[in-house]
Each structure stands twice: as structure tokens, then as C-alpha cells.
Amino acid sequence: MQDDEASRFAAVQADAILREPLDGFEAVYHRSSGLTHLLAEPAPQLLDLLTDTPLTVAEIAGQLEGAYDLVPDGEADIPIAEIVAHRLEELAALGLVLKVAGKGPGR
């Protein structure tokens, strides 16, 4: 998923999946594929962030930094944005996240 900084991502519609916490993981049943995926952190948190509003990788990284008191990108060995981008690739491959057109929070 080679994307520029302005690309926005959204979780699939809530009725397309069923989510259930399961011993430190989250089981996600994807209705259209018929597959169940076990997600570990930070994948469920990414789905939560992307449920209501499409966000860029930078916006997601910023929200995670604030919510979890993470080391800012400029000071981390592996930038949060890089980790987020990789997790988005994985979630997109599973069909749980989509690249979308349009504006984000400041619509």
C-alpha cells in the first residue's frame, strides 16, 4: 500500500464485521469473506480510530501518541507512523480497512 501522506483510511462498515474480545486478542469475523481473524494490539485500536472518521497515517499516529503516552516519532527507534502504516497494510489485506477519498475531521 504505497500511499502519500494525504491518503485517508477507514474501517469497513460496522455491519460488515463482528468483533469480540478474546483473552487479550480480538476476534473479528469478516462477513463477506467468511473468515475470522485474531487481532492483537494495536490492530483493534486502529479499527476503533477508523470507525467514525477516515484518517491519515499521521493523524492516527498523533492520536495513538496522545492516548498511550508514546515516544514521539522524532525520538523513537521505529516511528509510530511507520508501525501504523504497516498495520494498515495488514488490515487492508484482510479487508478490514479501506483507503478512502474525501476529507477527514475538518469536513
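Contact here means heavy atoms within 4.5 Å. Buried means under 20% relative accessible area, exposed over 50% and partly exposed in between, with a 1.4 Å probe and protein chains only. Helices (H or I, at least four residues) and strands (E, at least two) are DSSP runs, numbered from the N terminus.

The model is predicted: local features need pLDDT of at least 70, side-chain atom pairs count only at pLDDT 80 or more, and totals for chains, interfaces and linings use all residues. Residues are numbered from 1 along each chain as its sequence is written, and side-chain values use heavy atoms, with hydrogens and water left out.

The chain holds three helices and five strands. Along the sequence, they follow the pattern β-β-β-β-α-α-α-β. Of the 107 residues in the chain, 32% are buried. Among contacts with a separation of 6 or more, 57% join residues 24 or more positions apart.

Helix 2 spans residues 57-68, 12 residues in total. From first C-alpha to last, helix 2 reaches 16 Å, close to the 16 Å expected at 1.5 Å a residue. The expected span is 1.5 Å times one less than the number of residues. Val 57, Ile 60, Ala 61 and Leu 64 are the buried residues of helix 2. Seen down the helix axis, these buried residues fall within an arc of 100°, so they line one face of helix 2. The arc is taken from the directions between the helix axis and the C-beta atoms. Exposed Ala 58 and Gly 66 sit on the face turned away from the buried side. Just after helix 2, Asp 69 adopts a positive phi of about 50°.

Helix 1 is mostly covered, with six of its eight residues buried. They are Ala 43, Pro 44, Gln 45, Leu 46, Leu 47 and Leu 50. The axes of helix 1 and helix 3 come within 10 Å and cross at roughly 85°. Axes are lines fitted to C-alpha atoms, for helices over the stretch in contact, and angles run from 0 to 180 degrees between N-to-C directions. Helix 1 and helix 3 are therefore roughly perpendicular to each other; this class covers 65 to 115 degrees, with angles under 35 roughly parallel, over 145 roughly antiparallel and the rest oblique. Helix 1 contributes Ala 43, Leu 46, Leu 47 and Leu 50 to the contact, and helix 3 contributes Val 84, Arg 87, Leu 88 and Leu 91.

The largest nonpolar core has 21 residues. Such a core is a set of buried Ala, Val, Leu, Ile, Met, Phe, Trp, Tyr and Cys residues joined through side-chain atoms within 4.5 Å. Leu 47, Leu 50, Ile 60, Val 84, Leu 88 and Leu 91 touch the most other members. Strand 1, helix 1, helix 2 and helix 3 each supply at least two residues of this core. Beyond its neighbours within four places in sequence, Leu 50 contacts Phe 9, Ala 10, Ala 11, Leu 55, Ile 60, Leu 88 and Val 97.

Ile 83 belongs to helix 3. A relative accessible area of 32% makes Ile 83 partly exposed. Ile 83 and Pro 42 are 41 residues apart in sequence, yet their C-alpha atoms are 9.4 Å apart in space. Pro 42 occupies the loop between strand 4 and helix 1. The peptide bond joining Glu 41 and Pro 42 is cis, with omega about 5°.

His 37, in strand 4 (residues 35-39), has 12% relative accessibility and counts as buried. Glu 20, in strand 2 (residues 17-22), is exposed at 51% relative accessibility. With neighbours within four places in sequence again set aside, Glu 20 contacts Phe 25, Glu 26 and Ala 27. Glu 20 and Leu 38 are 18 residues apart in sequence and 9.6 Å apart in space, C-alpha to C-alpha.

Asp 23 lies in the loop between strand 2 and strand 3 (25-30). Its phi is near 45°, a positive value in a residue other than glycine. Asp 23 is exposed, with a relative accessible area of 76%.
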